Amino acid sequence: MGKPTGFIEYKRENPVKKDPFERTKNWQEFQLLMPEAKLRQQGARCMDCGVPFCQAGTSVPGSADIGCPVYNLIPEWNDLVYRGKWREALDRLHKTNNFPEFTGRVCPAPCEGSCTVAISDDPVTIKSIEYHIVERGFQEGWITANPPKTRTGKKVAVVGSGPAGLAAAAQLNKAGHLVTVFEREDRIGGLLTYGIPDVKLAYQIVDRRVRILEEEGIEFKPNTTVGQDITSEQLESEFDAVILCTGATKPREVEVEGRDLKGIHFAMDFLTANTKSLLNSDHKDGEFISAKDQHVIVIGGGDTGADCITTSVRHGAASITQFDINRQKGADRTADNPWPLFPYVHQIEDGHKEAFAVYGEDPRAYQLMTTKFVGDEEGNVRELHTIAVETTISEDGVKVRTPIEGSEKVWKADLVLLAVGFTGPEQELIDQMKLETTKRQTLKAEYGKYATNKEGVFAAGDNRRGQSLVVWAIHEGREAARECDRFLMGSSNLP
């Protein structure tokens, strides 16, 4: 597992990225490839640890994740990179992850938080090494279509082409089934395409993999809404099995006075329209919500909120502020967040660095709850009122927000983006198919089995799990494919 003394001899070197100010002038990806010698040094930092928690892939109820959800063989490919065996490293990577080019760009890397080196030092640059392995694979021409040698004749419909849907389709196709993927948007990729800014995950990266999947025999049908363009009855009668990977796309509301004013949008509407216009016309069609010269308030402190910052900076916003209702996290783990759990510590994301470079300050403001929106005579939002709150956890585990007296504040706001999460999947297709749901309105399908109450219909990803990470969606898509294969054939050789 790397060089035995590597973690002592070498320090962590983070991936090289373009200057935060310069990169805001375009929509190009900004991570740069590192020299091979540097990468081999970083692979050498992987310890010969007894239990590699980095690949544990465990979700702790009520707490954080431990390690990689797709069980990547991380120590193995770190060692192979250290020894210069890139082709073998790619083979190891693809054994567990269909799309390392996605996770190598957008995964928050729970594996690194569980790295043994991270107990007392900086973790191994696992995510960066993954990124370089797969990009080396594409550069060298090692990643090509590999259609199955035989076909079973069984037909499977996958609804939704996000990470869960693509992973399920890829695995089922490997098993020899005839797979059709239905996507309601005009491009394949789901939220990989329209929910993540192009600077973080360029559409050409998604499309590059989709083209390979097409060559391997998967049929993609964009601009097709199941339940409208094709009925659920047709789907169930024409296919031997169905896997629903429709995501959890129902946004959570901010129900305060003035919510109906113009200029207040859900974050995903903002991000989707931006990417669609960028890909269609390089923004020349004007079919997007522009932040140019606007005082932008992003409500929500998570990754989607940071993506709104990334996008607004490039539009040329007059100012950007991101509200987080929680306290600012500390630089170190707290007592209830020990290694090897994912570390809940203060992070400075790429969007925050860009906003600092352009506006001279971190865009985040903490412990703020919105109390009302105020507009002008034409119904456009112009102000946002807040009060500071203290968050505590009640005995039954419920978050309690207590306002701090005298902390009221008024903010300029021309564009407000709501990035406070999602409440679950859209219900229309679920109702049509008469599928059972949980108290959280997600599809009722046991983890590890993925079968719904209707025979031959499976669910995977955010529509079953709730809002989660791309890497968890890939994991569930792969596992649901295995269970679907078992249903069709009586047994399965899929992992």
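## Salt bridges across the model

A salt bridge is a side-chain nitrogen of Lys or Arg within 4 Å of a carboxyl oxygen of Asp or Glu. A search of the whole structure finds 35 of them. Side chains of opposite charge can pair when their charged atoms come close.

This is a predicted model, in which local features need pLDDT of at least 70 and side-chain atom pairs count only at pLDDT 80 or more, while totals for chains, interfaces and linings use all residues. Residues are numbered from 1 along each chain as its sequence is written, and side-chain values use heavy atoms, with hydrogens and water left out.

## Three domains

The chain is divided into domain 1 (5-140), domain 2 (155-249 + 422-489) and domain 3 (253-418). These bounds come from an automatic or database domain assignment. The centres of domain 1 and domain 2, taken over C-alpha atoms, are 27 Å apart.

## Where domain 1 meets domain 2

Contact means heavy atoms within 4.5 Å. By that rule, 28 residues of domain 1 touch 28 residues of domain 2. The size of an interface is often given as the accessible area lost when the parts come together. Here buried area is the accessible area (1.4 Å probe) that two parts lose on being put together, summed over both. Domain 1 and domain 2 bury about 2400 Å² between them. Carbon and sulfur atoms account for 67% of it. In domain 1, Asn98, Phe99 and Phe102 lose the most area to domain 2. Together they make up 27% of what that side buries.

Two salt bridges are counted between domain 1 and domain 2. Arginine 209 forms a salt bridge with glutamate 101, with the closest N and O atoms 2.6 Å apart.

Helix H5 (86-96), helix H6 (100-106) and helix H8 (126-140) each supply at least two residues of the side of domain 1 that touches domain 2. H6 gives the most, with six residues. Helices (H or I, at least four residues) and strands (E, at least two) are DSSP runs, numbered from the N terminus. By class, this side of domain 1 has 13 nonpolar, nine polar and six charged residues. Ala, Val, Leu, Ile, Met, Phe, Trp, Tyr, Cys and Pro count as nonpolar, Asp, Glu, Lys and Arg as charged, and the others, Gly among them, as polar.

## Threonine 103 in helix H6

Threonine 103 lies in helix H6. Its relative accessibility is 2%, so it counts as buried. Buried means under 20% relative accessible area, exposed over 50%, and partly exposed in between (1.4 Å probe, protein chains only).

Leaving aside neighbours within four places in sequence, threonine 103 is in contact with Asn97, Lys127, Glu130, Val470, Val471 and Ile474. The side chain of threonine 103 reaches the backbone oxygen of proline 100 at 3.5 Å.

## Glutamate 476 in helix H18

Glutamate 476 lies in helix H18 (residues 470-489). At 0% relative accessibility, glutamate 476 counts as buried. A polar atom of its side chain lies 2.9 Å from the backbone nitrogen of glycine 461. Leaving aside neighbours within four places in sequence, its contacts are Tyr447, Tyr450, Ala460, Gly461, Arg464 and Arg465.

Helix H15 covers residues 350-359. Asp350, Gly351, His352, Glu354 and Ala355 are buried in this helix. The buried residues of H15 pack against helix H2 (20-23), helix H14 (303-315), strand E10 (319-324) and strand E11 (364-366). Glycine 360 follows H15, and its phi is positive, near 85 degrees.

The side chains of arginine 23 and glutamate 354 meet in a salt bridge (2.7 Å, N to O). Arginine 23 lies in helix H2 and glutamate 354 in helix H15, so the pair ties together parts that are 331 residues apart in sequence. Both arginine 23 and glutamate 354 are buried. Lys17, Arg23, Arg314, Asp350 and Glu354 are linked in a network of salt bridges.

## Two further pairs

Arginine 382 and aspartate 414 meet through their side chains in a salt bridge (3.5 Å, N to O). Arginine 382 is in strand E13 (residues 381-393), and aspartate 414 is in the loop between strand E15 (409-412) and strand E16 (415-418). The two are 32 residues apart. Arginine 382 is partly exposed, with a relative accessible area of 35%. Aspartate 414 is buried, at 17%.

Glutamate 483 forms a salt bridge with arginine 482, with the closest N and O atoms 2.8 Å apart. Glutamate 483 and arginine 482 are both buried.

Methods. Polar contact = N/O pair within 3.5 Å; in protein donor to acceptor, adjacent residues only side chain to side chain.
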